[in-house]
Amino acid sequence: MKHRLTIHFPSEAVHQPITYRLAVDYDIAAKILRAQIAPNRSGTMVVELSGDIDELAAAEEWLEGLGLQLDRAQGEIRIDRQRCVDCGICTSVCPSGALSSGLPSWQLNFDAQRCLVCEQCIPSCPLEAIALVLESR
Ligand code: SF4
Ligand code: SF4
């Protein structure tokens, strides 16, 4: 099972070896999709956790016990076709291949099944044609 979380770190917790402990203590693989953490400052990390459902629940409880704030809001990426000009810039930052374009039309293709909701494409679009639509889990 997979959970996607946005983890907010207080400054005192940024040095915690989170991914190591998740692997060793809970047998959970943590794939970091996006991270903004500076030494001795608070930070944010978007991470995809893969593991047993009970271990995931225990791991999330452990993370919250460390003082980390977990945002479990789930969402999906939406492309505004009226704004998109098929420039292809967003395809270069997409780690999963969910965004692609190519011959013959070079029209942007979005495969929602492949999307990790890492949000890296959102700031890449010069026309603000990409948005995250949130829904609570
Ligand atoms: S959020 Fe954007 S960059 Fe990330 S996987 Fe989905 S389409 Fe690709
Ligand atoms: S960067 Fe924006 S305008 Fe360019 S292809 Fe992607 S969604 Fe369309």
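This is a predicted model: local features need pLDDT of at least 70, side-chain atom pairs count only at pLDDT 80 or more; totals for chains, interfaces and linings use all residues.

Helix 2 comprises 13 residues (residues 53-65), which at 1.5 Å a residue should span 18 Å; the end C-alpha atoms of helix 2 are 18 Å apart, so expectation and model agree. Viewed down the axis of helix 2, the buried residues fall within an arc of 100 degrees and therefore line one face of the helix. These buried residues are Ala-59, Glu-60 and Leu-63. The face turned away from the buried side carries exposed residues, namely Asp-54, Glu-61, Glu-64 and Gly-65. After helix 2 comes Gly-67, which has a positive phi, near 95 degrees.

The table lists the elements against which the buried residues of helix 2 pack.

| Element | Residues |
|---|---|
| Strand 1 | 2-9 |
| Helix 1 | 18-26 |
| Strand 3 | 43-50 |
| Strand 4 | 69-71 |

The largest nonpolar core has 27 residues, and those that touch the most other members are Leu-22, Val-47, Leu-49, Leu-99 and Cys-121. At least two residues of this core come from each of strand 1, helix 1, strand 3 and helix 2. Strand 3 gives the most, with four residues. Because domain 1 (2-71) and domain 2 (77-135) both give residues to this core, the core lies between them.

Which residues does Leu-22 contact, leaving aside its neighbours within four places in sequence? Leu-22 is then in contact with Ile-28, Ala-30, Leu-49 and Ala-59. Of these, Ala-59 is one of the buried residues of helix 2.

How values were computed:
Residues are numbered from 1 along each chain as its sequence is written. Chains are lettered from A and ligands numbered from 1 in the order in which they are written. The expected span of a helix is 1.5 Å times one less than its number of residues. A residue is buried if 20 or more other C-beta atoms lie within 10 Å of its own, exposed if 12 or fewer, and partly exposed in between; C-beta atoms are placed from the backbone. The arc is that of the directions from the helix axis to the C-beta atoms. Two residues are in contact if their C-beta atoms, placed from the backbone, lie within 7 Å. A nonpolar core is a set of buried Ala, Val, Leu, Ile, Met, Phe, Trp, Tyr and Cys residues joined through C-beta atoms within 7 Å. Domain bounds come from an automatic or database domain assignment.
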